[in-house]
Amino acid sequence: MSDPGLIERLYTRALLAIGRGRITAVTDGGAVQTMQVRLGVDELRDNTPRLIEYGLSSVPPIGSDVVLLFVGGDRSMGVVVASGNQGARPKGLAGGEVCLYDDLGQSVHLTRNGIVVKGAGLPITIEDTPSLTIKASAKVRIEAPLLEVTGDIIDQVGGGGRSMASMRAIYNEHTHNGVQPGGASTAIPNQQE
């Protein structure tokens with residue numbers, strides 16, 4: 001009752017269970033992202049679903065490498081389970097480092113020495129939040145030729161600080177006693193900032 005071709009059929013199914021190919025098209029508008037993948041000269045799979053980790057989403061560039069699993073070795077039942085792009089992948093990361101990146105050079109790199117965010121010459125926007133808190137144990141440094149703020153700036157918020165606008169008003173209207181002509185110093189201002 002043994003089937004002489006059974007082992008060969010099982011072996012063939014096992015060989016067909018995993019495939020490697022390149023993306024030729026991506027559709028990202030539905031509930032599940034689907035891809036067209038070329039697995040070889042004669043094998044093109046269309047509308048192949050891609051499993052993506054929850055909380056992350058991406059559309060790999062055309063030509064990116066993919067790995068597919070085929071349920072039971074059935075090539076009509078494929079799913080993309082991994083993707084990569086050799087040209088865009090950051091290189092030289094140290095053990096334990098993580099980098100979220102794209103093909104334009106934008107990245108969030110969790111290095112062994114801290115987090116580095118690169119905008120690749122494009123703007124970075126944080127939006128749709130009622131407040132933003134930055135906690136630093138030593139200082140916050142901004143290196144820019146211009147700092148623009150659309151609202152007021154308040155210093156020493158927890159200790160009865162003043163806004164920049166109120167300090168500017170005091171400065172613009174302040175007077176001094178003991179003003180003498182020449183190079184002498186004046187007394188301290190009558191209004192304290």
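Residues 24 or more positions apart supply 32% of the contacts in the protein with a separation of 6 or more, a contact being heavy atoms within 4.5 Å. The model is predicted: local features need pLDDT of at least 70, side-chain atom pairs count only at pLDDT 80 or more, and totals for chains, interfaces and linings use all residues. Residues are numbered from 1 along each chain as its sequence is written, and side-chain values use heavy atoms, with hydrogens and water left out.

The protein has 2 helices and 8 strands. These elements are DSSP runs numbered from the N terminus, with helices (H or I) of at least four residues and strands (E) of at least two. Along the sequence the pattern reads α-β-β-β-β-β-β-β-β-α. The radius of gyration is 31 Å, well over the 16 Å that the globule rule gives for 193 residues, so the protein is more spread out than a compact globule. This radius is taken over C-alpha atoms, and the globule rule is 2.2 Å times the number of residues to the power 0.38. Along the principal axes, the C-alpha atoms fill a box of roughly 115 × 35 × 30 Å.

Of the 193 residues, 16% are buried. Buried means under 20% relative accessible area, exposed over 50%, and partly exposed in between, with a 1.4 Å probe and protein chains only. The accessible surface comes to about 15300 Å², and carbon and sulfur atoms account for 55% of this surface. Areas come from the Shrake-Rupley method with a 1.4 Å probe; for residues, only the protein chains shown count as cover. The protein carries 17 positive and 20 negative side chains, and the centres of the two sets lie 7 Å apart. Lys and Arg count as positive, Asp and Glu as negative; His and the chain ends are not counted. Each charge is placed at NZ of Lys, CZ of Arg, CG of Asp or CD of Glu.

The largest nonpolar core holds 8 residues: Ile 23, Met 35, Val 37, Leu 39, Val 66, Leu 68, Phe 70 and Val 80. Strand 2 (34-40) and strand 4 (65-70) are the elements that give two or more residues to this core. Such a core is a set of buried Ala, Val, Leu, Ile, Met, Phe, Trp, Tyr and Cys residues joined through side-chain atoms within 4.5 Å.

Val 80 lies in strand 5. Its relative accessible area is 0%, and Val 80 is buried. Beyond four places in sequence, Val 80 contacts residues including Met 35, Val 37, Val 66 and Leu 68.

Arg 75 sits in the loop between strand 4 and strand 5 (78-84). Arg 75 is buried, at 17% relative accessible area. Its contacts outside four places in sequence include Gly 19, Glu 43, Arg 45 and Phe 70. The C-alpha atoms of Arg 75 and Gly 19 are separated by 9.1 Å, although the two are 56 residues apart along the chain.

Two non-glycine residues with positive phi were examined. Asn 47, in strand 3 (residues 43-49), has a phi of about 55 degrees. Asn 47 is exposed, at 54% relative accessible area. Asp 128 has a phi near 60 degrees. Asp 128 lies in the loop between strand 8 (114-118) and helix 2 (164-173), and is exposed at 80% relative accessibility.
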